[in-house]
2 protein chains.
Amino acid sequence: MNHDATPALDPKEFRAALGSFATGVTVITARAADGTAVGLTANSFNSVSIDPPMVLWSLSKRAYSLPVFTASEHWAVHVLAADQEPLSNRFARAGEDKFAGLDLEDNVASLPLLKGCAARFQCKTSFQYEGGDHIIFVGEVTSFERSDHPPLVFHAGRYALATQKDPSLPQARSARVAGGFSEDLLGYLLGRAFFQFHEGLRSKLNAHGLSDPQWWVIAALTAKDGVTAQAVDAAISYSLGCASEPILQSLLPTGWLAVEGVDEQGIAIYCLTTSGRDRSLHLLAAAKSIEVDMIARIGYADGALLKTLLHKFIHQTDPGLPDLWCNV
Amino acid sequence: MNHDATPALDPKEFRAALGSFATGVTVITARAADGTAVGLTANSFNSVSIDPPMVLWSLSKRAYSLPVFTASEHWAVHVLAADQEPLSNRFARAGEDKFAGLDLEDNVASLPLLKGCAARFQCKTSFQYEGGDHIIFVGEVTSFERSDHPPLVFHAGRYALATQKDPSLPQARSARVAGGFSEDLLGYLLGRAFFQFHEGLRSKLNAHGLSDPQWWVIAALTAKDGVTAQAVDAAISYSLGCASEPILQSLLPTGWLAVEGVDEQGIAIYCLTTSGRDRSLHLLAAAKSIEVDMIARIGYADGALLKTLLHKFIHQTDPGLPDLWCNV
């Protein structure tokens, strides 16, 4: 631990320590006496009481909207969903008309109610309490709604994504070890996940008479066409595990590829044929369709999180591969 | 949204809606006048004020420890780290001596202070406020510590893991599309991550004269020895993309494998030789060492999260593969 204990606490360090506590993100709204809608982003929300149903949140005494909230008997708390980061940013900024262009729900209390949230609480102020440079609002919940949207999370000053620990998973697997091998090895998990995905595509590859390495070479050429065997090697020999030249050659008689000329050193330049590119795009569409199906099975939120982490992993462990999809 | 708005709110539904708001998990401790340490798990913690530095949390009026907290001027809030789930469970249960066997820190105020947390706040009660069936404790922070441990998160009634959205990642990649191919395709991400991992092992495989498919067959036999080619096919043909028999045969002259007999149908049973098993265990240790290095690069918390999600993905998209590591 970094010992930051000081007689006079450093506000920046104090904020950082508070940030260690992860929270959801809420937008809290009310309506001024003149009908103007006000709203702000807050992560100081929390539950207080079940019976009576009560929640609380804190508002800075310097907040522009403080007079509205202290005067208004009613306010609404919107717990934001993972895809509502733009809404969080919009209501965190001062000045502009925060509600411009938003599709609000009408309701009896005339509170401005946002849509698409993870949960929404309509409240009536029970108490306003002194809290240093903030006022603590405690409200009784008069009605609420809930959805199954995954939550937006805030931690250490940044937005975060969360996945539930899943007790239904066969956790024992992680511990199962036989002869020095464990199913929890990262290399095994990555390989099994990849090949389970790839297996869905393989019947289609087989129908085209393609081996796995032939397909990987074709997919690379679909991204960047007109390249030498060396360029293909530089980009994907880590997955082929061998030189690409024989694979490129094997695709010439089948009509997938053609040699379109030579470079300055007289080295062959390979291109997809029109028919080859067309077939390849169909296979890529099939791969995308497999992805949609598989992500539906683990849920969209976990799918997005898995992809985020794979991006991070690839970025952090990149041995210096050229990006096929850049201008090399 | 499931509209659950009712005149009399259903407490179970209300709890579920409150659970949509993700939180960290804290353990809050104090010491009774007789010196007894008390503590409980709470997720109702939140920040209140920066100047003066103040935090709050709520305690049920029915809590066993309520008299201690209402009488005690001092209490400590421990924001738990991702690996402190057992501590959360320990302090969430009633009855037993919650502090038994715990290694506490000594400090001036004689508060029971737990170690290894994401953050820790020592507080002096400023206010005790009415909050329905709870009391809201607002305290001024007299000192605090912080570490970089990733947080334990609670959401929808379960523990969760969180990863920060990383703005330093080249996000444009996700959008980069060429010829129908995007680097955000799940199949590409899984394949690239797997082969970047595998590349680290390949020089060692090459030193042994092993191809990738030969290694995958050997690794499978390290987990379960004495099997027919059919059994190997059933378990790993999805990654080999071909029959295993020729690969098994190719490993006989090199001294990795031996045929130890035949089954009832007269089909050859393959076994690792002593030397083959020994070399295989060295290669598996090398793979584990690559894993340790790569997980250090994305951080332990994200590494654990990636593995959790890969387990989920494999489980949910399993085409019905036999577990090599079970008794098939």
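## Model and overall make-up

Helices and strands here are DSSP runs numbered from the N terminus, where a helix (H or I) has at least four residues and a strand (E) at least two. The model is predicted. Chain A contains 10 helices and 15 strands. Chain A has 328 residues, and 54% of them count as buried.

How much of the contact within chain A comes from residues 24 or more positions apart? Among contacts with a separation of 6 or more, such residues account for 59%.

## How the copies are related

Chain A superposes on chain B by a rotation of 180°. The shift along the rotation axis is 0.0 Å, and the RMSD is 0.2 Å. The two copies are therefore related as by a two-fold rotation axis. Both copies use the same surface: 100% of the contact residues of chain A recur in chain B.

## Contacts between the chains

Val48(A) sits in strand β5 of chain A, residues 46-49. Is Val48(A) buried or exposed? Val48(A) is buried, because its relative accessible area is 4%, and buried means under 20%. Leaving out residues up to four places away in sequence, Val48(A) touches Met54(A), Val55(A) and Leu56(A) in chain A. From chain B, Val48(A) touches Ser58(B), Gly131(B), Asp133(B), His134(B) and Ile136(B). Val48(A) and Val138(A) are 90 residues apart along the chain. Their C-alpha atoms are separated by 8.2 Å.

Ser58(B) belongs to strand β6 of chain B, residues 54-60. Ser58(B) counts as buried because its relative accessibility is 7%. Which residues does Ser58(B) touch, not counting residues up to four places away in sequence? From chain A they are Ser47(A) and Val48(A). From chain B they are Ser44(B), His134(B), Ile135(B) and Ile136(B).

## The nonpolar core

The largest nonpolar core has 98 residues. Which residues have the most contacts inside this core? They are Trp215(A) and Trp215(B).

## Helix packing

Two packed helices are described by the angle between their axes and the distance between the axes. In chain A, take α5 (residues 186-207) and α9 (residues 274-298). Their axes come within 10 Å and cross at roughly 145°. The crossing of α5(A) past α9(A) is right-handed. On the α5(A) side, the contact is made by Gln196(A), Phe197(A), Gly200(A), Leu201(A), Lys204(A) and Leu205(A). On the α9(A) side, it is made by Leu283(A), Ala286(A), Ala287(A), Ile290(A), Glu291(A) and Met294(A). By class, the contact has eight nonpolar, two polar and two charged residues.

In chain B, take α6 (residues 212-223) and α7 (residues 229-240). Their axes come within 11 Å and cross at roughly 145°. The crossing of α6(B) past α7(B) is right-handed. α6(B) brings Pro213(B), Trp216(B), Val217(B), Ala220(B) and Leu221(B). α7(B) brings Val232(B), Ile236(B), Ser239(B) and Leu240(B). By class, eight residues in this contact are nonpolar, one is polar and none is charged.

## Backbone features

Most residues other than glycine have a negative phi, and most peptide bonds are trans. A cis peptide bond joins Asp51(A) and Pro52(A), with omega about 5°. Pro52(A) lies in the loop between β5 and β6 of chain A. Chain B has a cis peptide bond between Asp51(B) and Pro52(B), with omega about 0°. Pro52(B) lies in the loop between β5 and β6 of chain B.

Ala156(A) is not a glycine, yet its phi is positive, near 55°. Ala156(A) falls in the loop between β10 (153-155) and β11 (158-164) of chain A. With a relative accessible area of 44%, Ala156(A) is partly exposed. Ala156(B) has a positive phi of about 55°. Where is Ala156(B) found? Ala156(B) is in the loop between β10 (153-155) and β11 (158-164) of chain B. Its relative accessible area is 45%, so Ala156(B) is partly exposed.

Technical notes. Residues are numbered from 1 along each chain as its sequence is written. Chains are lettered from A and ligands numbered from 1 in the order in which they are written. This is a predicted model: local features need pLDDT of at least 70, side-chain atom pairs count only at pLDDT 80 or more; totals for chains, interfaces and linings use all residues. Side-chain values use heavy atoms; hydrogens and water are left out. Axes are lines fitted to C-alpha atoms, for helices over the stretch in contact, and angles run from 0 to 180 degrees between N-to-C directions. A crossing is left-handed if the near helix is turned anticlockwise from the far one by less than a right angle, and right-handed if clockwise. Contact means heavy atoms within 4.5 Å. Ala, Val, Leu, Ile, Met, Phe, Trp, Tyr, Cys and Pro count as nonpolar, Asp, Glu, Lys and Arg as charged, and the others, Gly among them, as polar. Copies are superposed by least squares on the C-alpha atoms of residues with pLDDT of at least 70 in both. A nonpolar core is a set of buried Ala, Val, Leu, Ile, Met, Phe, Trp, Tyr and Cys residues joined through side-chain atoms within 4.5 Å. Buried means under 20% relative accessible area, exposed over 50%, partly exposed in between (1.4 Å probe, protein chains only).
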